[in-house]
Amino acid sequence: MNILEENFSINFKNNEFFFYNVAEGMQPFLVEKLQSLFLKNKIFVILDNNQEIERYASILKALFKRSNLLEFPSWDTIPYDYMSPAKSLINKRFKTFKLRDKIINSPYLILTTIDSIIQKV
């Protein structure tokens, strides 16, 4: 973890941690390292957009064989828009709720965005 420690800042506070100033290519590896350090915990990663969720998920699934990875993307529409969100986004969001209930007592990693946190479900 020495290489990782030289390339980012991390702040532990009230059983939570925040990391910042991480080089873009190192972010999924940092998430994986933190998950391995905290094997018995649930980790909630807030990303900038749905494309980052896809990128992180593909890297974590391919390199680290993550089966406890949940994706919770934001809607691809604005409130009161005439169009509905894409079916694939709706499916991912409901799949996350369904799987989270099944593995509630197990450690898992949720990838989401700030928009998806503040949007109505």
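This section describes the strands, the nonpolar core and the charged side chains of a predicted model.

Local features were considered only at pLDDT of at least 70 and side-chain atom pairs only at pLDDT 80 or more, whereas totals for chains, interfaces and linings use all residues of the predicted model. Residues are numbered from 1 along each chain as its sequence is written, and side-chain values rest on heavy atoms, with hydrogens and water left out.

Helices (H or I, at least four residues) and strands (E, at least two) were taken as DSSP runs and numbered from the N terminus. Strands were treated as paired if DSSP finds at least two bridges between them. By this criterion, strand 5 pairs with strand 3 in the parallel sense over five bridges. Strand 5 also runs parallel to strand 4, to which four bridges join it. Thr 112 takes part in both pairings, as the bridge partner of Ile 46 and as the bridge partner of Phe 72.

Burial was assigned from relative accessible area: buried means under 20%, exposed over 50%, and partly exposed in between (1.4 Å probe, protein chains only). Strand 5 is largely enclosed by the rest of the structure, because five of its five residues are buried. Both of its faces are covered, with Leu 109, Leu 111 and Thr 113 buried on one side and Ile 110 and Thr 112 buried on the other. Thr 113 lies in strand 5 and has a relative accessible area of 1%, so this residue is classed as buried. Contacts were defined by heavy atoms within 4.5 Å. With neighbours within four places in sequence left aside, Thr 113 is in contact with Ile 46, Leu 47, Asp 48, Asn 49, Asn 50, Ile 53, Phe 72 and Ser 74.

A nonpolar core was defined as a set of buried Ala, Val, Leu, Ile, Met, Phe, Trp, Tyr and Cys residues joined through side-chain atoms within 4.5 Å. The largest such core has 11 residues, namely Val 31, Ile 43, Val 45, Leu 47, Ile 53, Tyr 56, Ala 57, Leu 60, Leu 69, Leu 109 and Leu 111. Strand 3 (43-47), helix 3 and strand 5 (109-113) each contribute at least two residues to this core. Helix 3 supplies its largest share, four residues.

Leu 47 is located in strand 3 and counts as buried because its relative accessibility is 6%. Residues up to four places away in sequence not being counted, Leu 47 touches Glu 52, Ile 53, Tyr 56, Leu 111, Thr 112, Thr 113 and Ile 114. Leu 47 and Leu 111 are 64 residues apart along the chain, yet their C-alpha atoms are separated by 7.1 Å. For Ile 53, with neighbours within four places in sequence set aside, the contacts are Leu 47, Glu 71, Phe 72, Pro 73, Leu 111, Thr 112 and Thr 113.

Charged side chains were examined next. A salt bridge was defined as a side-chain nitrogen of Lys or Arg within 4 Å of a carboxyl oxygen of Asp or Glu. The whole structure contains three salt bridges. In one of them, Glu 54 pairs with Lys 92, with the closest N and O atoms 2.1 Å apart. This pair links distant parts of the chain, 38 residues apart, with Glu 54 in helix 3 (residues 50-64) and Lys 92 in helix 4 (residues 87-102). Glu 54 counts as partly exposed because its relative accessibility is 41%, and Lys 92, at 25%, is likewise partly exposed.

Lys 61 forms a salt bridge with Glu 71, the closest N and O atoms lying 3.2 Å apart. Here Lys 61 of helix 3 is linked to Glu 71 of strand 4 (residues 69-72), 10 residues apart. Lys 61 is partly exposed at 40% relative accessibility, whereas Glu 71, at 12%, counts as buried. Glu 71 also forms a salt bridge with Lys 92, with 3.5 Å between the closest N and O atoms. This pair joins strand 4 to helix 4 across 21 residues of separation. Through shared partners, the salt bridges connect Glu 54, Lys 61, Glu 71 and Lys 92 into one network.

A charge was taken to sit over a ring if NZ of Lys or CZ of Arg is within 6 Å of the ring centre and within 35 degrees of the ring normal. The charged end of Arg 93 sits over the ring of Trp 75, 4.0 Å from the ring centre.
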